[in-house]
Amino acid sequence: MATVLYITANPKEIQESFGLSVGEEFINAYREEHPNDEVVRLDLYKMTVPHIDTDVFNGWGKLQQGKAFDELNEEEKTKVSLISQLTDQFVAADKYVFVTPMWNLSAPPMLKAYIDNIAIAGKTFKYTAEGPVGLLTDKKALHIQARGGFYSEGPAAELEFGDRYLRAILSFMGVPSIETIAVEGMAATPDKADEIKQNAIEKAKQKAKEF
C-alpha cells in the first residue's frame, strides 16, 4: 500500500478551475486503479502553512544551541512543530500529486510557503563535501498545472517558472521521477477551452493507471 499526498494550491472551487477539475479526475481514476492506497488531501489554502519568519528562525536557533523545545515561546513552538509535522508527512509519503495554476509566470505563494516547510536539511536533503544530496530517492511526483497561454514550447517556454521550479526543487530533494500534465491555452484560445480540458482529463486518467 502506498500513501499519496494530493496537494492543491488554488483558492477556487473545483468546478471553477481547469487544473483542479483535471486533478480531481486524476485522483478519482487513481483510487479506482489503486483501491488499497491511501490518498491524503492537502489544500494549502485551507490549512495553516507557516511562513519562514522571525519566530521560526529564533526557534530553530534555540534548538541548535541545545535548548529544549519547552524553552521556546508559544509562537516558536507552534510554528516549528507544524513545520516538522509537514516535513515528516512529506517524507513518509510515497507519491506526490501537485495541482496548481500558473500565476504571473510562476505559482501561487502558498506553494512556495509549503516548499519552504519541506525543503529541510537533514530530512529531505543533506549537505555533503561534494554538495547537497537529495534524500527522497524512492518517491515519484506528478504536477498538474493550468496555464492560460501556451508555455510548453517556443519562446514562451522560457517564461514558465512554476513547473520548472517545482521540478527543480523536487529533483534537488532527490525525487527521481517527476512528470507534468499541462492544461494550457484556455485563455489564448477560449473557443477550444473545453476541448483542452477534456484532452487533459484523458491524459490524467491514463496517467493514473501507471502512477
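Author: A residue counts as buried under 20% relative accessible area, as exposed over 50%, and as partly exposed in between, with a 1.4 Å probe and protein chains only. Before we apply this, note that the model is predicted: local features need pLDDT of at least 70, side-chain atom pairs count only at pLDDT 80 or more, and totals for chains, interfaces and linings use all residues. Residues are numbered from 1 along each chain as its sequence is written, and side-chain values use heavy atoms, with hydrogens and water left out.

Reader: Is Lys77 buried or exposed?

Author: Lys77 counts as buried, at 18% relative accessibility. Glu74, by contrast, has 55% relative accessibility and counts as exposed.

Reader: How do Glu74 and Lys77 pair?

Author: Side chains of opposite charge can pair when their charged atoms come close. The term salt bridge is used for a side-chain nitrogen of Lys or Arg within 4 Å of a carboxyl oxygen of Asp or Glu. Glu74 and Lys77 form such a bridge, and their closest N and O atoms are 3.6 Å apart. Helices (H or I, at least four residues) and strands (E, at least two) are DSSP runs, numbered from the N terminus. Both Glu74 and Lys77 lie in helix H3, three residues apart, about one turn of the helix. An α-helix has 3.6 residues a turn, so residues three or four places apart point the same way.

Reader: How many salt bridges does a search of the whole structure find?

Author: The search finds 13 salt bridges. One of them joins Lys79 to Asp55, with the closest N and O atoms 2.8 Å apart. This pair links distant parts of the chain, since Lys79 is in helix H3 and Asp55 in helix H2 (residues 54–64), 24 residues apart. Lys79 is buried, at a relative accessible area of 19%. A network of salt bridges links Asp53, Asp55, Glu75 and Lys79.

Reader: Which residue forms a salt bridge with Arg147?

Author: The partner of Arg147 is Glu184, and the closest N and O atoms are 3.1 Å apart. Arg147 lies in strand E6 (residues 140–147) and Glu184 in strand E7 (residues 177–184), so the pair ties together parts that are 37 residues apart in sequence. Both Arg147 and Glu184 are buried.

Reader: At what angle do helices H3 and H4 pack?

Author: Axes are lines fitted to C-alpha atoms, for helices over the stretch in contact, and angles run from 0 to 180 degrees between N-to-C directions. Angles under 35 degrees count as roughly parallel, over 145 as roughly antiparallel, 65 to 115 as roughly perpendicular and the rest as oblique. Helix H3 (residues 74–92) and helix H4 (residues 109–118) pack at about 85 degrees, with their axes 8 Å apart. The two helices are therefore roughly perpendicular to each other. Contact means heavy atoms within 4.5 Å. H3 makes this contact through Ile83, Leu86, Thr87 and Phe90, and H4 through Tyr114, Asn117 and Ile118.

Reader: How many residues of H4 are buried?

Author: Seven of its 10 residues are buried, so H4 is largely enclosed by the rest of the structure. Among them are Met110, Leu111 and Ala113. The buried residues of H4 pack against E1, strand E2 (38–43), H3, strand E3 (95–101) and helix H5 (162–172).

Reader: Which residues have the most contacts inside the largest nonpolar core?

Author: A nonpolar core is a set of buried Ala, Val, Leu, Ile, Met, Phe, Trp, Tyr and Cys residues joined through side-chain atoms within 4.5 Å. The largest has 26 residues, and Phe90, Tyr96, Phe98, Tyr114 and Leu170 have the most contacts inside it. E1, H3, E3, H4 and H5 are the elements that give two or more residues to this core. H4 gives the most, with six residues. Apart from this core lies another, of 24 residues, among them Val39, Val99, Ala193 and Ile196.

Reader: Where is Asn104, and what is its phi?

Author: Most residues other than glycine have a negative phi, and most peptide bonds are trans. Asn104 is placed in the loop between E3 and H4, and its phi is near 50 degrees, a positive value in a residue other than glycine. Asn104 counts as exposed, at 78% relative accessibility. Leu105 lies in the loop between E3 and H4, with a positive phi near 75 degrees. Leu105 counts as partly exposed, at 30% relative accessibility.
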